[in-house]
Amino acid sequence: MAEITKLWIADKMKELMKQKPIDKIRVTEICKAAEIERPTFYYHFKDKYDLVAWIFFQSANKTNIVSIESAAESMKQMKQDFLFYKRAYEDSSQNALWSYMLEYFVQRYEKIAKEKLRTEVLDTQLKFSIRHYCYGSVGMTKEWLLYDNTTSAEVVVEMMFNSMPKELYEVFL
């Protein structure tokens, strides 16, 4: 039941974000749109930024980040939810979605690297390369989503994978 409530609230937030930016949306508005009381909202989310991050994580957790096909499908979904991601990327608050995305992908790549290398600790260079790649990928995803109406998701993801530092490519692919 809690998952259904979260999905309902998330859907209402997406609707509100079609009308205005995150910083102009108040929790009171989200509650009104979702027909819930404020305590219900705060039971599930600490604030509206936590809600936006949760929406992103729902999609991202379904993506195999070391598969071109899976990553391209995720990017296509972002284009379908264009206004949500546009508003999320435009937000420059301390809780901006891009910072959640960056940390999320760094943690996922580090976890996969540790599993593939059968180690608990990654060397400094590999950790740096993962962060470098994730910064670039998040930035290029934003640029593609907001400004590129011609390049397919498959081509963008393939270019990202081809731009992966050699030591990462050898670990992941």
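Helix α4, which spans residues 48-60, packs against helix α7, residues 97-117, in this predicted model, with the two axes 10 Å apart and at an angle of about 40°; helices here are DSSP runs of H or I with at least four residues, numbered from the N terminus, and axes are lines fitted to C-alpha atoms over the stretch in contact, with angles running from 0 to 180 degrees between N-to-C directions. The pair α4 and α7 is therefore oblique, given that angles under 35 degrees count as roughly parallel, over 145 as roughly antiparallel, 65 to 115 as roughly perpendicular and the rest as oblique. The crossing of α4 and α7 is right-handed, a term used when the near helix is turned clockwise from the far one by less than a right angle. On the α4 side the contact (heavy atoms within 4.5 Å) involves Y49, D50, V52, A53, F56, F57 and A60, which meet L97, Y100, M101, Y104, F105 and R108 of α7. Of the residues in this contact, 11 are nonpolar, none is polar and 2 are charged, where Ala, Val, Leu, Ile, Met, Phe, Trp, Tyr, Cys and Pro count as nonpolar, Asp, Glu, Lys and Arg as charged, and the others, Gly among them, as polar.

Residues are numbered from 1 along each chain as its sequence is written. As the model is predicted, local features need pLDDT of at least 70 and side-chain atom pairs count only at pLDDT 80 or more, whereas totals for chains, interfaces and linings use all residues, and side-chain values use heavy atoms, with hydrogens and water left out.

On a 1 Å grid over the protein atoms alone, a pocket is an open set of points with protein on both sides within 12 Å along at least five of seven lines, a cavity is a set where a 1.4 Å probe fits but cannot get out, and lining residues have an atom within 4 Å of a point. The volume of the largest pocket is about 290 Å³, a volume being the space filled by probe spheres set on the points, which are joined across faces, edges and corners. Helices α1 (2-19), α4 and α5 (68-80) each supply at least two residues of this lining, which divides into 5 nonpolar, 6 polar and 5 charged residues.

The second largest pocket, of about 230 Å³, is lined by 13 residues, with G136, M140, M159, M160 and S163 nearest its centre. Two or more lining residues come from each of α8 (124-147) and α9 (153-162), and α8 gives the largest share, 7 residues.

The structure also holds 1 cavity of 30 Å³ or more, and the largest cavity has a volume of about 320 Å³. Its lining has 21 residues, of which I65, A71, M75, F105 and T141 are the closest to the centre. Helices α4, α5, α7, α8 and α9 each give two or more residues to that lining, which divides into 16 nonpolar, 5 polar and no charged residues.
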